[in-house]
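The exercises below are meant to be worked through with the sequence and the 3D view side by side. Try each task before reading its solution.

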Amino acid sequence: MEEQDKWIETLEGEIKEWGIKCINCNFCYTACPLFQSMKGFLINGPSGLLQSIYYALHWDFLGKEVKDEIINILYSCTTCSSCVIRCRDVSAGIPVVDLVECGRKILVEKALGPGTLHKEVLEFLFQSGNPYGKPAEKRLDWLKELEKENKLTYKLLPDGDKAETLLYIGCTASYEEDLQNVARTIVLLLEKMKADYGILKKENCCGHPARQLGEEGLFMELSEKVHDAALKSGVKQVVTVSPHCYHSFKTEYPESFKKLKVQHYTEYFFDQIEKGALTPSKKIKKTITFHDPCYLGKRNEVYDAPRAIISKIPGVKLVEMKDNKVNSLCCGGGGGRMYVEVEEVTRLSHLRLEQALATGTEIIATACPWCYTQMKDAIKVTDQEDRIEVKDISELLLMSVS
Amino acid sequence: MTTDKRENEIVSFLEGIVGPDYVTTSRFEKIKQSLDAYPYHADMNNLPIAVVLPKTSQDISEILKYANKEKIPVYVRGSGTQLIGASRPDRSGIVIFTSRMKTFDIKEDWGYFEAGAGIRNQEAKDLLAERGYFLPLVIGAKHIASFGGATCNNTSAHLIEPAVGKPGDYILAVEAVLPTGEIIETGTRGIGKPAGTDMTKYFVGGDGILGVVTKTRMRLVPQIQYSYGIACFSELAGIARGVKRMYLEQVPVPIFTEFLDRNVAEIGYTNKGMEAPPGHVIFFVSYDREKETADKNTVKLMDVYKKEKPIYAEPVTDMVRWEKVWTARESTIPFLMNKLQGRLLVCEVVCNLATFEEGMEEAADFNKGVPYLEDLTNYLFGHIGALSFHPSFIIPPDLGDERMWELSRLLYKREAEFNTKYGTCGREWGQFSKRKDFFIMRYGQTSYDLMKKIKATFDPNNILNPGVLEGYR
């Protein structure tokens with residue numbers, strides 16, 4: 001109990017220390033996708049999020065009376081980091097997203113949060129090792145189907161043979177039907193370049209969703225399993241399908257994990273193209289725009305590798321949306337929002353789709369399972385399927401190297 | 001009637017006007033709408049009753065008619081970035097937040113554009129630039145500052161008036177809602193401002209106390225070309241003489257000339273990853289319709305500054321470097337706070353041309369003899385081309401609210417003495433709230449009483465932004 005109190009005190013100290021330094025310049029608002037998509041109240045923007053939790057602590061009224069309201073405020077954030085970049089570049093350098101996560105942890109520790117649907121996600125993570133509540137034993141089913149048609153050379157780690165590279169699939173590409181194809185595509189690309197790679201026999205969630213929802217204990221538990229399995233398997237590097245797992249491995253995992261080279265698959269395949277291990281040769285005569293996943297771009301500054309892969313494909317015309325790279329507009333799926341319905345006036349994915357359509361592009365390429373889902377839904381809901389489609393970069397690359 | 005019942009009635013009325021989605025009684029929203037950049041907390045006992053997001057002038061009209069009848073205070077906020085406390089409500093009432101009033105119409109055939117109160121400075125600038133026009137409104141808080149707020153303030157901000165005038169010089173008309181609820185249109189649909197009485201002037205630079213500006217009509221100004229330069233001096237006196245020389249030798253006045261003292265420059269430059277300059281810096285932007293002429297103007301300016309023996313004076317053609325230098329200046333306040341891990345107190349002093357060297361020296365010694373502040377470093381920066389400076393102080397974050405208030409009062413008292421001595425006034429942040437005592441000191445009690453009568457004529461029940469004219473928040 002004493003330890004938990006100390007932990008809460010540390011978290012509260014962080015918020016109080018930074019909250020008072022926020023000068024309410026409000027420069028963060030015009031960078032914030034949440035504010036753009038909501039009704040226009042200031043609590044739906046970065047400084048408003050921070051001041052809400054700061055004052056709840058400063059005036060000591062964080063309790064059941066404001067529970068639902070503060071949950072709605074803190075869990076609406078996409079954690080895209082646009083505000084952090086804006087504040088760093090032109091203001092007081094407040095780490096708003098870290099503080100939002102601090103606030104969420106406080107709510108969890110005080111048994112005030114998260115909301116019902118997010119609690120269910122945490123329950124699923126705890127029970128099944130994935131946020132969708134799917135059976136753990138079915139995690140590799142997507143691979144079995146692929147094996148029926150292809151001879152695959154992957155190793156099952158850590159118990160099987162040694163491998164140089166661990167392909168970490170992540171939960172969404174393991175279980176969600178649309179995204180399983182991305183996992184298969186990446187495996188086929190690895191096969192084409194005769195990579196020495198393996199997949200965890202008992203992969204579970206990297207823990208990132210648990211941390212994002214404020215459940216630090218569960219994050220520690222899940223991440224420890226992945227950490228130990230990866231190190232035990234003796235691989236030299238880890239390649240991820242999702243930018244969210246990538247971010248977690250690179251920034252949230254302990255120091256001991258740093259001896260492994262962590263790459264998102266776009267970085268990995270770009271390196272392989274440069275080395276000549278993969279050669280995109282088949283023409284794809286399409287106009288393509290790239291939607292930067294926030295956890296790849298803004299949070300980890302990987303902007304060039306995905307674009308470089310697209311540019312290497314013969315016949316492709318790469319065009320940029322109005323908001324791109326560091327100014328890229330979030331699809332709305334981050335921060336735990338994939339699991340709940342956020343009441344938006346204009347859906348962020350629809351705003352992003354409008355930006356893509358304005359370029360005259362035929363394909364929105366992306367490199368994140370959640371962005372893929374968000375954009376695909378936006379196209380369907382707005383009835384734009386005749387004009388535009390979503391492709392993962394791995395799918396485009398496979399089409400070109402085949 | 002109980003307080004709760006009355007508040008419920010107010011909320012129901014507001015919901016009836018704008019719909020329940022655009023009215024909130026969220027305690028968190030009320031707190032956020034009570035804050036500005038000043039380093040003391042919101043007033044727990046005087047939070048707003050509700051925050052409302054109107055869409056149209058008609059919405060505001062209905063709200064004000066009701067508030068006037070019921071004598072409910074109404075505060076109007078564009079973005080809350082005003083720096084003399086005027087956007088901080090000091091009593092419980094309705095907060096009107098203009099974020100939904102985002103109409104923007106460029107009428108090229110008519111030679112003007114019309115901006116809704118909620119349009120952001122940067123949005124307007126970008127939309128105009130797409131059509132080849134320049135926005136003569138360049139605010140430090142460009143990312144978020146609203147058109148309505150900027151109009152009420154008539155702020156020059158970074159712009160140098162002898163070069164381009166004030167925003168009000170380009171504003172042809174406004175649509176305003178009076179505190180009693182009537183909607184009026186002032187000015188003209190022509191391209192020239194009215195001679196004689198122009199009601200526009202009551203609202204442009206009216207400190208937001210006489211009406212709510214819901215739409216601003218502004219003359220279209222063709223895009224201009226820029227040319228950039230930087231000079232670095234070892235002594236402040238050299239800079240002062242150089243700027244004065246610029247006016248006396250009739251060199252084309254640049255659109256911007258900014259100043260960072262040695263300490264501020266070091267923090268700003270290093271924050272942007274540049275090597276700290278060896279002295280105090282000024283940087284300027286010459287302009288003209290033609291790039292060639294703008295470049296020539298830069299050379300002329302450089303020649304003037306070189307007469308005062310700078311460490312260096314050079315044109316800047318590397319736009320990446322320029323962008324960094326400009327951001328180092330534009331974000332001085334947050335960079336100082338970030339670097340020094342404290343809270344900010346800042347004011348605005350303005351010199352006159354005749355005694356500029358003396359004025360600049362006094363601005364550098366601004367805190368001399370001021371209790372507590374004299375023990376702190378005065379970080380000096382500002383719009384030196386307009387002869388204005390911002391003495392700034394970083395206060396330890398653990399100082400209590402009461403002490404912060406006290407220091408803020410001392411600061412504004414000193415600002416009032418300075419500007420009164422030099423016969424000037426603030427050119428960026430309005431004239432009341434924290435500056436009410438200055439107004440009386442500078443213009444006399446008779447002028448202030450007259451202002452109160454004007455306010456009472458427009459707003460007989462003193463419901464619109466009450467407290468701004470009365471002073472201090």
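**Exercise 1: the fold of chain B**

Determine what share of the contacts in chain B between residues at least 6 apart in sequence join residues at least 24 apart.

Solution. In this predicted model, first keep the contacts in chain B whose partners are at least 6 apart in sequence, and then find the part that joins residues at least 24 apart, which comes to 71%.

**Exercise 2: a helix of chain A**

Work out which residues of helix H18 (residues 393-401) of chain A are buried, and what they pack against.

Solution. Counting 20 or more other C-beta atoms within 10 Å as the criterion for burial, the buried residues of H18(A) are Ile393(A), Ser394(A), Leu396(A), Leu397(A), Leu398(A) and Ser400(A). Their packing partners in chain A include helix H10 (177-192), helix H14 (265-275) and strand S9 (389-392).

**Exercise 3: where the chains meet**

Describe the side of chain B that touches chain A, by element and by residue class.

Solution. Begin with the totals: 35 residues of chain B are in contact with 27 residues of chain A. Then turn to the elements, where H2(B) gives the most to this side of chain B, with five residues. Lastly, by class, the side has 14 nonpolar, 12 polar and nine charged residues.

Technical notes. Residues are numbered from 1 along each chain as its sequence is written. Chains are lettered from A and ligands numbered from 1 in the order in which they are written. This is a predicted model: local features need pLDDT of at least 70, side-chain atom pairs count only at pLDDT 80 or more; totals for chains, interfaces and linings use all residues. Two residues are in contact if their C-beta atoms, placed from the backbone, lie within 7 Å. A residue is buried if 20 or more other C-beta atoms lie within 10 Å of its own, exposed if 12 or fewer, and partly exposed in between; C-beta atoms are placed from the backbone. Helices (H or I, at least four residues) and strands (E, at least two) are DSSP runs, numbered from the N terminus. Ala, Val, Leu, Ile, Met, Phe, Trp, Tyr, Cys and Pro count as nonpolar, Asp, Glu, Lys and Arg as charged, and the others, Gly among them, as polar.
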